[in-house]
Structure formats: structure tokens, C-alpha cells
There are 2 protein chains.
Amino acid sequence: MNTYKVHFLPDDVTIEVEEGTNLLQAAMQAGVHINASCGGSGVCGKCRVILEGGELESARTDLISPKDYEEGYRQACKAWVRGDLHIRIPIESQLDARALTRARPSPSAHRMAEEIGVERLISEEKFDPPYVKLLVKMAPPAPGDNISDLTRLVNALRSQHDVHNLEIDFKVIKILPQVFREGHFEVTVTLAYRPSHLNGTNPSDIDLTDIQAGDHTKANYGVAVDVGTTSVYVQLLDLNTGEILDTAGDLNRQLSYGEDVISRIIFGGKEGGLQKMQDLITGTINNLLEKICRRKKIDPDDITMMTAAGNTTMTQLLLGIDPKYIRLAPYVPTANYYPPIRARNLGLAVGEHVRINVFPAVSSYVGGDIVAGILASRVYQEPELTLYIDLGTNGEIVVGNQDWMACAACSAGPAFEGGGVKFGMRATDGAIEDFAINPQTLEPMILTVGMKKPKGICGSGLINTVAGLFEMGVLDERGRFEQGLDTPRVREGEDGWEYVLSWADETQIGRDIVLTEVDIDNLIRAKAAMYAGYQTLLENVGLSMHNLDRVIIAGGFGRYINLEKAILIGLLPELDLDKCTFIGNGSLQGARLACLSNTLRLEVMDILSKMTSFELSEVPNYMEYYVSCQFLPHTTREFFPGVLERIQQTRSLVRK
Amino acid sequence: MNTYKVHFLPDDVTIEVEEGTNLLQAAMQAGVHINASCGGSGVCGKCRVILEGGELESARTDLISPKDYEEGYRQACKAWVRGDLHIRIPIESQLDARALTRARPSPSAHRMAEEIGVERLISEEKFDPPYVKLLVKMAPPAPGDNISDLTRLVNALRSQHDVHNLEIDFKVIKILPQVFREGHFEVTVTLAYRPSHLNGTNPSDIDLTDIQAGDHTKANYGVAVDVGTTSVYVQLLDLNTGEILDTAGDLNRQLSYGEDVISRIIFGGKEGGLQKMQDLITGTINNLLEKICRRKKIDPDDITMMTAAGNTTMTQLLLGIDPKYIRLAPYVPTANYYPPIRARNLGLAVGEHVRINVFPAVSSYVGGDIVAGILASRVYQEPELTLYIDLGTNGEIVVGNQDWMACAACSAGPAFEGGGVKFGMRATDGAIEDFAINPQTLEPMILTVGMKKPKGICGSGLINTVAGLFEMGVLDERGRFEQGLDTPRVREGEDGWEYVLSWADETQIGRDIVLTEVDIDNLIRAKAAMYAGYQTLLENVGLSMHNLDRVIIAGGFGRYINLEKAILIGLLPELDLDKCTFIGNGSLQGARLACLSNTLRLEVMDILSKMTSFELSEVPNYMEYYVSCQFLPHTTREFFPGVLERIQQTRSLVRK
């Protein structure tokens, strides 16, 4: 794809972007402020810029007069880069000149979630989906050739596809006679390569799990599921090509019974509670699955297999296994291995033949979602010392490499997923996901997912907003608002002091979308839990932040993370940005890879054997560290020298 | 066990019997006639004998006066051998002296069904039940030892029992937490050694199928089932010792929908018919199982596994697989392999963990019952050319040895199982199972199963009665009664001419128990179908009766067979008696052995690979042979020279 240079004036900042990039997004990425409070949806009309030269695809909107359009005015959120450009930010939305010299964000601070594509699997010779479909054509029985239907099939598989050592599912045997005749002895069989056994023996055996009349080989779909405490994601995969066909997410319906795993465990212990919890999660998944199949016009019978990853409690609730002992000392999960399970027996609305492979847990608080993320990020196969963190309701931390891994969990709360936040929401259309602030006017520049009118704020939006407000001095290091500022956006609301991100008439919800001090407290507690976790775990294995070769961030809080801002609030340690990778939803990625690669699926047991779990709550330092982290960025100023220098510089410039 | 000599006078016949043998049975076996028409139940009082010396356990009965008792009179059916004996048959129940010299039956003609005992399995090193129970004692979780329950179990199995490569059933994982705590971390696990796969790979893997709190290792039970078209037998086995704990049989409840497999197939094809057929057969099995468990005071949860053998149609109906194509040319069964199936899914009332191993079929009309019989009789492992026959509603024939086996089926009708016979019944208490006739008075000597008052006649009783009547000339070679005989027992009844086996007041049913010409016709047709079958099959592989090294007879018609009588009516070819073995219910025996021996279970695929099925109906000679067989013993007199000589001799002696 072509890339072009966009030169912003009067800032005199140039950024290289891909063809078709939205101009407002390009400005955000370049650290060039353009007022924009409708999230990029085109309704506020504040993001007017002047095209001084080059190719920009941008029709005139109702908010720009024909005369202004002729003079070069464009709405940045309705403009897309088609060539090298010179763009001027007009005076009414331009930064005070003093601010232009402040520290620019690093272009590499913005990290889109990296998908490990099927190309990489192919190049590694690991694209070997565990479920394949084969077409088998047989001669019909005749006198002198009246072997059993099953023998006919087994013989044909051997001669036509060189398949041996089959185990046949009884439910397949039951339907053989009808399917054979319906398909005129032309049938599609689904073969499953067995996953490794508990102790890791070789996967030499094959199960015949389904048979369909006629040729269905083109329609071989897998479903990957991330079962989060707050959010659930379902992804439809084409197992023939490895392509992601669709992804859908929704809140976990169990949320009505409590936001954290503890409340779910308690509810699960009540009369009928376990069944109820299982019904709610399978209901959430079924709903998403139905939606995806409808959207993609896929026959659900062509779904061949599923994989699911979730934390230990979510996994046990999905499987209908009482998670009681996860909560009681000494915190024992039921299993760290699950055989393939007939999905329908769990209540999942798929064909009878579909098995679900569920990622096993390391411990009660380091679950299959982390194992899946480690699988996706390959920590267990590389020599670099890696810190893997998953920012969810429960924050999980893994440190290690190809030789060993230490892991722990900490209770971060739901802030990273938009929970416990007044206008918090998942990273779906209309969620404020990025934020910048005009240092002079304190007016925001916000971008929403899908550039739709704002509906709320997601995890990444929360991090970026708090970081932006803190950098400009709108928030102090305790997360409290400066109260003497000359802006209507900082005000005392019903929940205390707050910042108005969008005015009611610019939103989808018809109410002012605000960020409150309570919201900020939640974020600070969440990031504190995480940071204290890294610190404790590293110390426990005799290492410190300096030893890290790289950091991998996973989490369902948005499509991307701004690493500088995450460091700015003290969520990430102060590291070189190029040591950091953001993989987005690691759990879903791992679940997807296990659908596409039998080789990777078998490596799960390898991961488990290398991982050692630590209980942070049993390390006395942890609580002490946690308390120290309840500041922006941290009480121990030496941990964040760069951040402090930058804040000082920025504030000094804008407050002159 | 001690054996003793019983010397009968005035016949001057001596027989050696085991200690405790019933005296009436000893006489029957010796060919010494004692009138007895109540089956040995003690009510008719006709079997008075005089003890002339030796030890006989026999209390005085109401039918013997104290004076007579003092003089040595005893009731033979209420007397048991305790030492060498001299017994005189008093004049009122003694044979005419002329008859005493008639050909004696060979002592080896009487063949009790041979059970292949666990001792033989042990000596062959084949006593290796596929399901074992192990006690596992674990330390409870503690801080620093909070591995998952499953890991704890797997580790303990490895260290305490050297068990590796486990696959764990998901339903076991689900109940781990409760069972562990209920048993205070002392649990009993059931391990299943996996049967060979379809293509016969090695059975190296182990499934953990059940877990129980506390020590249940002593209670490890298997259930073998013979699913016959007419009768169903269920046998309870102690898998620790190999012992048969109990056996129970009943009519197949499907009988109300037709006596033969064809009518069952037709009914199965109707709306809801397949489910109905499955429910009826599982209902039959469940009822027997419940009865046995109650009788033996066994907790059904301690049943670990089941095996079942039946003909192809019965097997498919048990499994709920439409047997439609078994009946339609070219007669295709659905499968000749079945994986272990969760028994409860079929409707069997056992624990959720119980799998049923079902014997596979060779073809549509040579089913798993025959495979089981071949397994039990070891035809497939020995060099002798063997004719294996199963006398059931469908008669099956196998010829072969360790190198090859040819098999075929013929429709014998239900006569061998007591079906289609006016007073026919299964070989249970009160069934007339043996018969002899006083050549002079034509009075019968009958023995019933359990020596209870007669209720009806079973397969072996039918063969022995027809043979006895034919030998004495009461029946002619077409199976018609001589009508001018001086006995009230041969008379014209409502169904034509008949012989009265028991008068109403000697029976349990309060009606005369008779054998009619219609009954005899059914038996003749049944034996004709069988004999024509052997003839055709042997000819097809270029052999004849002379080439046979041995004959193995299986069938559910009674505890034993009288081989001489079976030859006499032309059911068996005229062979040396010592070439013949009777194994009783071969299907049940095979099912039992598969419960006790994983090695034997794995040999099933070996049997299948050696067997070739022939369709008798496609061989033109078969019908011709069948017609020739519809005489006693056979139209072709050269086939039975010995029988004809014996009949001539007997008749000439008794009719002087």
C-alpha cells in the first residue's frame, strides 16, 4: 500500500501515513491538535482545516460553505489522504504557538493491536487446522459388494486420502445409512486430529467427528471464543484459508450477577446458581454466534469446531464446574487440562458433532486466557526476557522466556474494560478511544471507534484522557481536578468534579459525557494493582524492570494503545517504546490460533509445564508497592524520570 | 471333587458321577429308565427306587411310608449321591427285560454347556479386565501445594500406580471437587484400557472413566449381555476375580412386535418405531439388571462397564441405528465396528460413566453374537477345521480355523429357543429339558430345569423328546404320530395328534403339557435349515462333513445338549461324539470374556478380518438341500447310517 507524507502547518510536523488514512486520525497520531468533540462523526464541525496542496479526498459537507470549500476549507474527520499533503490548522482551532514546541509524541507510541496472520503460520509451517473436511466418493453397494457402510467409508478414506487409524464417533455411525443414500454415496467427512493427552504424548490418532451428504469441503468453519469476566468475543474463522470472517463482542450476561469473579463464584454456589451461570455465558456466546452466522450467511451446521479461552473461573462456569475452591484458601482450580468436549452438552447452539477445546488454567487466578495469550505471543519459544501483561478485570502478569515463566494475577477491577466508569463502555462503535487536549483552551480532540457520535468511553480512551489531563495539569498526581481553570469543561457534577468530553448535543445518548474523579480513582487503582504486580513478580525471581527485553500488552480495552500515555499514568514501566508490543485481545488471538494450528494447540501443554504461579497476596511487599503506586505516575519518582521531565516541560510551556 | 460309581439293577449299568449328583439325573444320564412325569419336583412319586447299598442322602418323603423307607425305598428325584451305590429299580417302574439290552446311550452324549472359566484365562495370561479400579490416597491441598485437583490426581496415579498417558473423561473432571472432599482425598478411580481402533493399532492409552469417594476397589462389576431375537441374558461379573455372580434371562420385549428380525426391522421403519424398538430392548435389559443387582445386593453405581453381543439387527436396534438396509438387497449392515458407547445414551439404566462395548457384525446376517461365540470357542486361534453352529432363531454357521473362516446364516425359526411351540419356553425353572421313554409303556421320564414342576418345554427338551419318540417309533420319519398305540399319552388334541408329557395335576400351569405335530414340524424345519446350511457352506469352500475335525454347538436352548439325540433327528451331522463340544450361549460367553480380558477384546478385530460371509440364499443348492432335510433324520439315508441302524435295532427289540 502507498504511503504519503502529511505536512501540518503552522506546527510544521510531518507524518507518514497509509493511503486512505483519515486526516483527523493522522493529526491525532502526529500530535497535532485539532478541536473535535463529536468523535470524528462529522456533526460538530469544529475540525476545519485548510488544504494548501496535495491530494485529499474530501467532499463538501453542510458545515462548510461553497465559498469556504473553494478556499480550501475541509472537515478533517471527513477527509482521507490520497497523496502528499500540506494542511494548515486555521487560527480558531490552532494551538497557542508556545505549545507547538512542547515534546512531540513518538510516532511509535500508537500501537494498533497486532494480529498474528495466517501468513505467519504458513511461513512457520504451522497452518495445520486440527479439523479438516474431505470429500469421499464411493461406489454404491451391490451383490458381492455388500460390506457395511462404515467399512466402505473406511476403505475409501484409506484409498482416496491415505487416512488410517481412525476412531469413529458413535453418533456418526448412527447417521451413516441416511447420509450415504442422501448424498448418493458422495459424502464430506470431518476429521479431527486428536490433541495431545494430559502427559503430552504424540497426536497420531484421528477422530471422524462428522459426516455430511454431498460436498461441504468448502464450508469448514471454526469458532474462537474469548470468555471474559466483563466481555465476551466470538470470532468466525475459515479453517480452509485461516481467514477471520467476522468478530463480535458483547457484555457477559453474567454481569447482572456481579462484576467480578468472586461474586460469580458466590452466586454459582447457590441453589441452581451454577446452572444459571452456565446458561448466561452460553447464552451470551450463542447470541453472538447466531448474529455472526446470520451476518456472514453461514450454515451453523458447517461449524466444525470451537476453542474457548477464559480465566479459571469463567472457564469453570462455562463448563459447569463449581468454582467454589478457586475462592477458598488454598485456592485450588479443578483441572489444568480439559479433553475436547461436545459443545452442545454445555448448552452451546452448534451441531452435535462440534467439540470445544478449552484452554487449561495454570492456577486459580492465572487462567486459560493467559495461556492463550502466551501461545499467541510466543513468549514460551523465544530467548528474550518478556513481561506479558493482560489488562482485564483481573490483571495477569507473566515474566519469562523459552526456559521458564513465572506468573501471577492481581485484581485490577473492571476499569480497563470500561467497567466501574460512569460512561464506561466496551471498545465498540461510539466509544471514545483517543483523546488530546488543547493546552490553551483545554478543548478536547476526541476520536471514537468507527468515528461515530460518542456514546461513552472505553479503556484506551480512559487511559489517554487521564494521561492527557494529567500532562496538561488539569489533574494533579492524586488524580484530582485543578479547580480554578478557565473552562466550562471542568466542573462540579453530581459525582464530584469532572471533565466534559462531549456535550449532550454532540453525543448519541443526549447527555454530557463526562469523566469523574471516581472514574479516575478506579483507573489509578487498576494501574496500581498492575504495576505493583510487575514489581513484586520480578523481585520474586530476582530481577527488576531493567532486565526486561520486551513487554507485551494484551487486553480488551480497545483497538490500540498509546504506549506513551500508558507510561505517563504509570500503567507501564518507563521503557523504550520499541520494546513494547500491543497484541490486543490475547485470549481471543490464542483461541483463534488453536483453531488454525494443531501444532500450536499441542504446544499448550508445553506452556503449562513451563509456568510457575505465584500468589501476590502472600508476598508482604505487594500491598506496600500497591499503595505506592496510587499516584500519577508513581510515588517513587525515580521510576519515571522521563515522564516527570516531560510533564514539567509541557506544563511550563503551556502555563506561561 | 469326589466321584462315585452308581450301579443300577436290574439293568446292570454303572455310571460314574460327581458327589452330590441327583439320582434321577444320574439315571437319565446312564440311560436307565425311571418313570418320572413331574420333572423331578418330587410330587408324582413315581420315581421310587430301592437303595441296596452305599451312601445316599435322601430323607423320607410323604410319598414313602416309614415301613417302605426302612426297606430301602427312596424317591430318586429327592436323593443325592454321597458314595458308591447299588440301586435297584423296582418292578413297577422297571423296563421290560427285553428293552434292557437295547443300545445304551454313550455317557459322553450328554454335554453340559462348557464355561470357559477364569482359571483358563489366568493360565493363558489373558485375565486382564479392560476396566480396573485403583485406590488413590492424596494429601489435601495446602498453601504452597495448591495445584489443581486433576493434577493432584494425575500425579498420585503416576507415583502410586505408575499410570501414565491418561485421557480424562470430562464428566469425571466435573465431579472431581466434590468427590475429592467427600472422600477426604481418598478416591477410587476406574481406568479403562482403550480397545483397538478400527484398524487394529495398539491399545496403549488409558481412559479415566469414573471416580468415587473412598475405597470402592473391591466392588468392580462388569455386565455381559446377550441380546437375542427371542431371549435376552444378562450376566453380572466380578471383574476383580472373574467370577460369574449371577445370570438372568427373559424374553425380548420386542417379541410383541414380531418373532423374527424381519418383522422388527419393518416395525423399526415406522414412525417412532426405531425408538420404540430401542426402548423395548433396553427395557428388557434394565429389568434384568435391576433384578440381578437386587438379588446380589450390588450398588448399580459399582457397575464399571458392559459388553453386549447380538445379531446384526438386534445390535442396530439396541444402538438405535435403523436396520432398514439389512433387509433390502444387497443387505448392508451399517457398521462392523463400534466404539465404546456411553450406555446411558442408549437408555440403559447404569451410571453415567459406564461404556458399553458392542460386538461388531461380520455381515447383515452373521452378527456380533457369532463373533462373540467364535471368540469364546477360539476357532480363530486353532489349527483344527471346526464347524461352529449357533442354534437360535437365526441359525449361524462358521467353518474354518486359525487361517480362514467362512460363515453364513439361515433362518431356523424360533423352535430352538422354545418359540413357535405350543408349550415352548426358555430354559428356565420348570422347563422340560430332558426326556426318555419307557419302550413298553411309553410312559415318560422327564427332567425339568431346577427340578421344578413342569411349566413347558425348552429347546433341548424339544430335541430330546422328538428324538426319543422317533427312536421308539412313536413318531415316523415325517414327524407324524403312530395312531394305533396302546397309551393315553398319544391322542388327538385340538391341534391334531399330540403326546402328553405331563398331566395337568403334575404341572405348575394346571393344564396337560403336550407336544403337537405342529411343534414337531417347526423343529424339523429348524433342523433342516441348519443341516442344509452346513452342507452348502462346506461345499462352497470345497469341503464336506468328513473333513471336519470338530463341531462346536452354541445356542440358548438349555444347559446341555444330548448329542446323540441331536444327531438322531438330523440336527447334527453323524460324527464321533468326542469331536463335538457344546458351549451353550456362545454370545453370552464371548460377551463375558470381553469383560474379563482386554487381550481377547482386542482379538475381535482379528476374528473379523479372517471371516468371509456367504449368502446361502444365493447358492441354488441350498433350497434343494433344505427340502431333503425335512425328514427324520434325512432323506439321504447314507448321511446317517449309524442312526438308522440304531433305530432299527431299538424298535426291533421293543416291539417284539
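## Exercises on a predicted two-chain model

Ser628(B) belongs to helix α18 (residues 621-628) of chain B; helices are DSSP runs of H or I with at least four residues and strands are runs of E with at least two, numbered from the N terminus. The model is predicted, so local features need pLDDT of at least 70 and side-chain atom pairs pLDDT 80 or more, while totals for chains, interfaces and linings use all residues. Residues are numbered from 1 along each chain as its sequence is written, chains are lettered from A and ligands numbered from 1 in the order in which they are written, and side-chain values use heavy atoms, without hydrogens and water.

### Exercise 1

Describe the surroundings of Ser628(B).

**Solution.** 
1. Begin with accessibility: Ser628(B) is partly exposed, at a relative accessible area of 23%. Buried stands for under 20%, exposed for over 50%, and partly exposed for values in between, using a 1.4 Å probe and protein chains only.
2. Next, list the contacts, defined as heavy atoms within 4.5 Å. When neighbours within four places in sequence are left aside, Ser628(B) touches His634(B) and Thr635(B).
3. Finally, compare sequence with space: Ala532(B) is 96 residues from Ser628(B) in sequence, yet their C-alpha atoms are 8.2 Å apart.

### Exercise 2

Characterise the overall fold of chain A.

**Solution.** 
1. Count the elements: chain A contains 19 helices and 29 strands.
2. Apply the globule rule, 2.2 Å times the number of residues to the power 0.38, with the radius of gyration taken over C-alpha atoms. Chain A has a radius of gyration of 27 Å, close to the 26 Å from the rule for 656 residues, and is therefore as compact as a globular protein of that length.
3. Consider the dimensions: the C-alpha trace spans about 100 × 65 × 45 Å along its principal axes.
4. Turn to the interior: 64% of the 656 residues of chain A are buried. Of the contacts between residues at least 6 apart in sequence, 70% link residues at least 24 apart.

### Exercise 3

**Solution.** 
1. Locate the loop: Pro10(A) sits between β1 (3-9) and β2 (13-18). The peptide bond from Leu9(A) to Pro10(A) is cis, with omega near 0 degrees.
2. Check the other chain: the bond from Leu9(B) to Pro10(B) is also cis, with omega near 0 degrees.
3. Examine phi: Asp12(A), in the loop between β1 and β2 of chain A, is not a glycine but has a positive phi near 60 degrees. Asp12(A) is exposed, with a relative accessible area of 55%.
4. Turn to Arg378(A), in the loop between α12 (368-377) and β17 (386-391) of chain A. Arg378(A) has a positive phi of about 65 degrees, and is buried, with a relative accessible area of 1%.

### Exercise 4

How are chain A and chain B related?

**Solution.** 
1. Superpose by least squares on the C-alpha atoms of residues with pLDDT of at least 70 in both copies. A rotation of 179 degrees with 0.0 Å of shift along its axis places chain A on chain B, with an RMSD of 0.3 Å.
2. The copies are thus related as by a two-fold rotation axis.
3. Find the residue at the axis: in chain A, the nearest C-alpha is that of Asp205(A), at 5.5 Å.
4. Compare the contact surfaces: the same surface serves both copies, as 100% of the contact residues of chain A recur in chain B.
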